[in-house]
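Here are my notes on this model, point by point. Please read them with the structure open.

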Amino acid sequence: MRDEGAASGASENAKSFRLHNAVIPARPLEPALYLVATPIGNLSDITLRALETLAGADVLACEDTRVTRVLLDRYGIVNRPYAYHEHNADEAGPRLIAALEAGKSVALVSDAGTPLVSDPGYRLALLAIEAGHRVVPIPGASAPLAALVGSGLPNDAFFFAGFLPTKDKAKRDRLAELANVPATLLFFESPHRIAATVAAAADVLGEGRVACVCRELTKTFEEFRRGPLGDLAAFYGDGHTVKGEIVFVIAPPGEAAAPEAADVDRLLSALVKDMSAGKAATEAARQTGLPRRDLYQRLIDLKGGDAG
C-alpha cells in the first residue's frame, strides 16, 4: 500500500460519482475509518452517502477488489480499491491504520452488505478505535435485516447468530443452546448445507416451529420459503437443488403454555413402547414443540439411565 498517496493525488480532481447521466463531485472526507454498507445483490440499493464516501475516500479497502470494482464501475468511481480480508489482515491492517495516522480517510467495504457482520472488518475497526481514530458507520443494505422483514416472522426482538457449526453434533448443540431464546433467530447458511441444517433444526427445536429460508435476497431469483420446520426439512431433504446465498430465519418459541411434565412423561412412555428412544423423542418434539434433546434426556431418566 506504499503508493496510496500517489494514487490519491493522481485522482484528486476525479473524486466524483455518476448517477444516471449526472457526474456529482464528492465532498472531502474528514480523517476517519468509514464502514460502508454495499448492496447485497441489486446494485441500485447503494445509498448516496455511500457513493460519496467511496468516491471521496483517500484509501478504499475491500474484501475482493474484483467484486468492488463492479460496483465502482457502475457508478463511475475511479478510486482504486486495495484488498483487506482475513488472509492478509495482519499485514494490511497496520497499513490502513498508518494511513489514518497520516491524516487520510479510509473507507472499508465487504463484498456485500454491512462490514463487520460476519467478516474480518471488526479487527480493523478495533485497531482504529484503540489508536484513537474515529469510526464512522455508513449504513445501508444488510442481509439479516432484509431476511427478517421479508420472512413474515416476528421482528420485535431478533438474535443474529452468524453461521452455525458445520459438524452435525456441534450444530445441534448450538441450536439447543438457542432453543429458548425469546426472539426470532437468524443464521447465515450455504446452499449445500441448508438441507442438513433445516433437518437438524426440526429435530432439535420441534417440527412445528415456523421458519423461513430466504435465498438470493434482492436478486432476480429472490425466494422466501416459509413453513413449519418439519415441512421445510421434507422439502430440502427431497433432493431439491439449492443455489445462492441464504439467511435462515426461525420464529421464537411458541407463547403457549408448556405441557405439564406429567403429560410429557406419559407421552414419552407411550411412544417408546412402539419405537426407539431416538424416534420417540423426535415424535414427542413434533407433538409438543419441546426441544428433542431435552425429551431424549427425559427418556433416559425415565428408563433409569438406559435409553435402549
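1. Salt bridges come to 19 by the rule used here, namely a side-chain nitrogen of Lys or Arg within 4 Å of a carboxyl oxygen of Asp or Glu. The model is predicted: local features need pLDDT of at least 70, side-chain atom pairs count only at pLDDT 80 or more, and totals for chains, interfaces and linings use all residues. Residues are numbered from 1 along each chain as its sequence is written, and side-chain values use heavy atoms, with hydrogens and water left out.

2. Take Arg134 and Glu30. Their closest N and O atoms are 2.9 Å apart, a salt bridge. The pair links distant parts of the chain, 104 residues apart. Arg134 sits in the loop between helix 5 (121-130) and strand 7 (135-138), Glu30 in the loop between strand 2 (22-25) and strand 3. Helices (H or I, at least four residues) and strands (E, at least two) are DSSP runs, numbered from the N terminus. Arg134 is partly exposed at 45% relative accessible area, while Glu30 is exposed at 51%. The classes are buried under 20%, exposed over 50% and partly exposed in between (1.4 Å probe, protein chains only).

3. Asp90 and Arg123 also form a salt bridge, at 2.6 Å from N to O. Here the link runs from helix 4 (residues 89-101), which holds Asp90, to helix 5, which holds Arg123, 33 residues apart. Asp90 is exposed at 65% relative accessibility. Arg123 is partly exposed at 29%.

4. Where is Thr38, and is it buried or exposed? Thr38 lies in the loop between strand 3 (33-36) and helix 2 (48-56). It is buried, with a relative accessible area of 3%. Its contacts (heavy atoms within 4.5 Å) include Ile46, Leu71, Val109 and Ala141, leaving aside residues up to four places away in sequence. The Thr38 side chain also reaches the backbone oxygen of Ser110 at 3.5 Å.

5. Now the domains. The assignment, which is automatic or from a database, gives domain 1 (16-141), domain 2 (144-250) and domain 3 (261-306). The centres of domain 2 and domain 3, over C-alpha atoms, are 25 Å apart. Each of these two domains gives 8 residues to the contact.

6. Domain 2 and domain 3 bury about 660 Å² between them, 51% of it on carbon and sulfur atoms. Buried area is the accessible area (1.4 Å probe) that two parts lose on being put together, summed over both. Asp203, Val204 and Glu207 supply 53% of the area that domain 2 buries against domain 3, more than any other three residues.

7. Across this interface of domain 2 and domain 3 the rule finds 2 salt bridges. The side chains of Arg293 and Asp173 meet in a salt bridge at 3.9 Å, N to O. On the side of domain 2 that touches domain 3, helix 7 (168-178) and helix 8 (194-205) are the elements giving two or more residues. Helix 8 gives the largest share, 3 residues.

8. One network remains. Salt bridges link Asp168, Arg172, Asp203 and Arg292.

Note on methods: A polar contact is a pair of N or O atoms within 3.5 Å; within protein, one must be able to donate a hydrogen and the other to accept it, and residues adjacent in sequence count only if both atoms are side-chain atoms.
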